[in-house]
Amino acid sequence: MTLPAPPDPAALLAGARRELARLPAILGAMLTDLDDALWRARPAPKEWSPVEIVCHLRDEEVEDFGARVRAILDGAQGFARIDPERWAVERRYHEAEPRAALAGLLERRAASLAFLAGVEPQRLSRAIEHPRLGRMSGLDLLAAWVTHDRLHLAQLAATLARTGADRW
């Protein structure tokens with residue numbers, strides 16, 4: 001069996017930047033004119049509302065993906081621990097002002113894209129050992145970042161569909 005060729009760092013970085021740059025427009029289309037009740041509606045008691053999803057994306061932008069890519073580039077020996085589930089409770093995501101949370105996410109995404117524009121692609125090949133996931137390179141993190149966006153966009157679309165259907 002032939003193993004696939006390793007990804008080209010420049011191509012992966014360029015593709016990830018294109019994908020990450022799409023988030024603001026997609027969120028704008030999904031969330032513009034959403035009323036406060038729908039921002040806070042949970043499809044089930046233990047599932048997140050749209051405002052909680054946006055707060056999660058906002059905080060992950062800097063404290064997870066952005067921080068981990070920087071750790072790779074800075075030559076760190078490990079990643080800072082994160083606990084997004086705990087953040088949702090401690091930071092009171094459900095009570096956040098939705099438009100401010102969205103504005104914060106969009107501001108952080110713009111800063112991330114500006115940061116990634118200055119990254120030398122070959123430096124993303126470096127890896128750090130993650131205690132649970134194994135070796136993760138900067139390229140792995142970029143792919144995970146894009147996937148994370150897509151998963152939460154699907155979650156947001158499903159949440160809006162379910163809560164909207166309940167309303168109507």
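Me: Does aspartate 64 count as buried or exposed, and what is the relative accessibility that decides the matter?

Reply: The model is a predicted one, and in it aspartate 64 is found in helix α3. Buried means under 20% relative accessible area, and aspartate 64 has a relative accessibility of 7%, so aspartate 64 counts as buried.

Me: Which residues does aspartate 64 touch, not counting those up to four places away in sequence?

Reply: Contact here means heavy atoms within 4.5 Å. Once residues up to four places away in sequence are set aside, the residues that aspartate 64 touches are Asp59 and Ile82.

Me: Which element gives the largest share of the lining of the largest pocket?

Reply: The largest pocket, with a volume of about 420 Å³, is lined by 17 residues, and Arg68, Ile82, His130, Arg132 and Leu133 are those that lie nearest its centre. The elements that give two or more residues to this lining are α3 (50-74) and α6 (138-167). The largest share is four residues, and the element that supplies them is α3.

Me: How many residues in the lining of the largest pocket are nonpolar?

Reply: Sorted by class, the lining of the largest pocket includes two polar and five charged residues. The number of nonpolar residues in that lining is 10.

Me: Which element gives the most to the largest nonpolar core, and with how many residues?

Reply: The largest nonpolar core has 22 residues, of which Leu27, Leu31, Trp39 and Val54 touch the most other members. At least two residues of this core come from each of α1 (9-31), α2 (36-40), α3, α4 (84-90), α5 and α6. The element that gives the most to this core is α3, with five residues.

Me: Which residues is leucine 27 in contact with, leaving aside its neighbours within four places in sequence?

Reply: Leucine 27 is among the residues that touch the most other members of the largest nonpolar core. With its neighbours within four places in sequence left aside, leucine 27 is in contact with Thr32, Leu102, Leu105, Leu153 and Leu156.

Me: What is the separation between the C-alpha atoms of alanine 110 and glutamate 19?

Reply: Alanine 110 lies in helix α5, which covers residues 98-117, and is partly exposed, with a relative accessible area of 45%. Although alanine 110 and glutamate 19 are 91 residues apart along the chain, the separation between their C-alpha atoms is 13 Å.

How values were computed. Residues numbered from 1 in each chain as written. Predicted model: local features only at pLDDT ≥ 70, side-chain atom pairs only at ≥ 80, totals over all residues. Heavy atoms only, no water. Buried < 20%, exposed > 50% of the residue type's maximum accessible area, 1.4 Å probe, protein only. 1 Å grid on protein atoms, 1.4 Å probe; cavity = no way out; pocket = protein on both sides within 12 Å on 5 of 7 lines; lining within 4 Å. Points joined across faces, edges and corners; volume = space filled by probe spheres on them. Nonpolar A, V, L, I, M, F, W, Y, C, P; charged D, E, K, R; others polar. Core = buried A, V, L, I, M, F, W, Y, C linked by side-chain atoms within 4.5 Å.
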